[in-house]
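Here's a quick briefing to read with the structure open beside you. Take it one topic at a time and try to find each spot as you go.

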Amino acid sequence: MVWSLAPLSADPTARDGPRTVAGAAQWRVMSNLVNLQDVSLAYGPLVLLDKVSLGVDEGERIGVVGRNGGGKSTLISVLSGITEPDAGRVVHNRGLRVGFLHQRDDFPDATVGEFVLGGLAEHEWAGNARIRDILRGLLGGWDLNLPMSGLSGGERRRSGLARLLVDDHDLIVLDEPTNHLDIEGIAWLAEHLRTRPEALVVVTHDRWFLDAVTTRTWEVGRGTVERYEGGYAAYVLAKAERDRQAAAAEDRRQNLMRKELAWLRRGAPARTSKPKFRIEAANQLIADEPPARDTVELMRFASSRLGKTVIDLKDVSYSVPDRTLLDHLTWQLGPGDRVGLVGVNGAGKSTLLKILSQEREPDSGTVRTGRTVKLAHLSQNVTELDPTARPLQAVMDVREYLTIGKREYTASQMLEKFGFRGERQWTPIGDLSGGERRRLQLLRLLMDEPNVLLLDEPTNDLDIETLTELEDLLDGWPGSLVLVSHDRYFLERITDRVLALMGDGSLAFLPGGVDEYLERRAAGAGDTTVPLGASEMAAAQKQEASGGPGVSAAERRAARKEMQRVERRMDKIAEREARLHEQMAAAAEDYTRLAELDAEAKTLAAEKDELEMVWLEQAELVGD
């Protein structure tokens, strides 16, 4: 499949005015909801929009991307009629209903139910399947009588999103809607938006979400808006193809200039035939794609740096006042392991990272760290740096050069990769945004060349361009890594396996990755209850208290230990199978050796089938 770049027209009626679609026997008029005509807006010397003309039609689903500070939020604010442009016109369809989710909202002194549901009576919202689904997806298990003033920032954000989705609109405009949502919440939101008929414009750095819900992409930057057909994947391919064509045109221009200079020196050149070629865009782009991460080589290098022991947890437990986060957990982080850690909010992901880094002591059990481990932990709380220092100075204080793989980078080059270009490298740290300070802290951690990385939500406040740079760096980084992230695209790109804290103190290995985690969560009916009023909450608690007996705590602990034993053995089988395949390829002409290797492979496959059955039986006891 080849994606094409949608042309940007200076005439707003050429692309973004009313459109018609030719049918077999009639023409159908496509209703236009919003038009921007030669819109300009600047803040001081910074021009964010420069004579931009575009529009949104009925049912369109548009993703807005671009660097932080490039004008994405400004564009959708102008589009929604919230911000007045300096010049140009913004035309809304008569009676247009716009639902806008800001990054920051003011919340009234009300209960959650009053804020989200407005004046709807209980029988009205309880009888509406869509509203019940919204409450279940975003506020599952909440008491609707809770005051808004007692909620955290993330909980308020969820409440604001729920309130917007409860209402009907013609156009929904969302500014970073996935902030404060876990992987499960993001998957629910994507599915919900796919079923809604309204037009959608969304600003987000979550690339999986963009691909899941959008069919067109706007790229905002340098005062302009470039438009592309398709979601994020199609946008990347179309942009790469455009850049390749521009590079080819520049090469041709340079060749013509060199030929012209040669002619001036030598006189009339010899007759030459013009080159004949055909470019297939997708194949050309794939041919230029960098090689995938060499996991075997990276693990071999990591083993030489770390030895056999990295971090071992043995029978570790940790509790908070209302629940147990880790329940007799035994787990080993090995050299070169790249682990993604998922789980619902409050399941203990950040706590586990703090225990791994020995910043927090477990209630019981032991944590053993290898002698050669040099660990770096990026927590969600940004440690403050000297506000008068400069980013380049702060990075050079750690190290002036960094070697990743076979390449060496200077501190300035690394800052550029993390979005600090030109004068931004000399801006006082006190004048940087929260996202920029977080980027700077992450870069300082990497510059110290650790061999074990613990990253807690490193993608917060990073734009897509910076995310791809970070992925490229971590892709070739040799060491052990544990990542907590709600950014599914980022998590699947830089990790090799996924573990999940299921909320009951256990750590589950997920061969099927994030998809398996979502399936398990969906299968747990108790995790997706509709919020209840006070009387209903009391009745539900009484019914839960009268429930029948289940598996004992001792039986659950034994089952979890057996599951962990099975998982470790399956990991070893997978490693042995990989080596067998390499040996079989090398012994392609030695039929005797090939038969021996094939017999061993079949034995391992049979053992793996048996282990999977054991694992499933124990999982039923645990209740995962």
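Which residues do ring pairs link into a cluster? They are Y228, Y232, Y235 and Y489. Before we dig in, keep in mind that this is a predicted model. The chain has 624 residues, and 45% of them count as buried. It holds 21 helices and 22 strands.

**The tyrosine cluster**

- Searching the whole structure turns up three aromatic pairs.
- One of them joins Y228 and Y235, with 5.1 Å from centre to centre and 80° between the planes, which makes it edge-to-face.
- Why is Y228 called buried? Its relative accessibility is 0%, and the cut-off for buried is under 20%.
- Y235 gets the buried label too, because its relative accessibility is 8%.
- Y235 also pairs with Y232: here the ring centres are 5.9 Å apart and the planes sit at 50°, so this pair is called tilted.
- Y232 and Y235 both belong to helix α9 (residues 232-266), and because they are three residues apart, about one helical turn separates them.

**A charge over a ring**

- For another kind of ring contact, look at F420: the charged end of R439 sits over its ring, 5.5 Å from the centre.

**The six-stranded sheet**

- Six strands line up as an open sheet with mixed pairing, and the order is β16-β19-β20-β14-β21-β22.
- At the edges you'll find β16 (375-378) and β22 (507-510), each pairing on one side only.
- On average, neighbouring strands in this sheet are turned by 20° against each other, if you ignore direction.
- Now zoom in on β14 (residues 338-343), which runs parallel to β21 (residues 497-501) and is joined to it by five bridges.
- Within that pairing, G340 stands opposite V498 of β21.
- β14 also runs parallel to β20 (residues 480-484), this time with four bridges.
- Here L341 has V484 in β20 as its bridge partner.
- Is β14 enclosed or open? Six of its six residues are buried, so the rest of the structure largely encloses it.
- R338, G340 and V342 point one way from β14, while V339, L341 and G343 point the other way.

**Helix α2**

- Helix α2 (residues 72-79) is largely enclosed by the rest of the structure, because seven of its eight residues are buried.
- Its buried residues are K72, T74, L75, I76, S77, V78 and L79.
- After α2 comes G81, which has a positive phi, near 85°.

**The nonpolar cores**

- The largest nonpolar core has 73 residues, and the ones touching the most other members are L313, L326, W331, L356, F418 and L474.
- Which helix gives this core its largest share? That's α15 (residues 434-447), with six residues.
- Leaving out residues up to four places away in sequence, L326 touches V316, S317, Y318, L352, I355, L501 and G505.
- There's also a second, separate core of 40 residues, and W125, L144, M148 and F209 are among its members.

- D50 lies in strand β4 (residues 46-57).
- Since its relative accessibility is 43%, D50 counts as partly exposed.
- Not counting residues up to four places away in sequence, D50 touches V39, S40 and G223.
- How far apart are D50 and V225 in sequence and in space? They are 175 residues apart along the chain and 9.1 Å apart from C-alpha to C-alpha.
- Across the chain, take the contacts between residues at least 6 apart in sequence: 70% of them join residues at least 24 apart.

Key:
Residues numbered from 1 in each chain as written. Predicted model: local features only at pLDDT ≥ 70, side-chain atom pairs only at ≥ 80, totals over all residues. Heavy atoms only, no water. Phe/Tyr/Trp six-rings, centres within 6.5 Å; stacked < 30°, edge-to-face > 60°. Buried < 20%, exposed > 50% of the residue type's maximum accessible area, 1.4 Å probe, protein only. Helix = DSSP H or I, 4+ residues; strand = E, 2+ residues; numbered from the N terminus. Lys NZ or Arg CZ within 6 Å of the ring centre and 35° of its normal. Pairing = 2+ DSSP bridges. Axes fitted to C-alpha atoms, helices over the stretch in contact; angles between N-to-C directions. Core = buried A, V, L, I, M, F, W, Y, C linked by side-chain atoms within 4.5 Å. Contact = heavy atoms within 4.5 Å.
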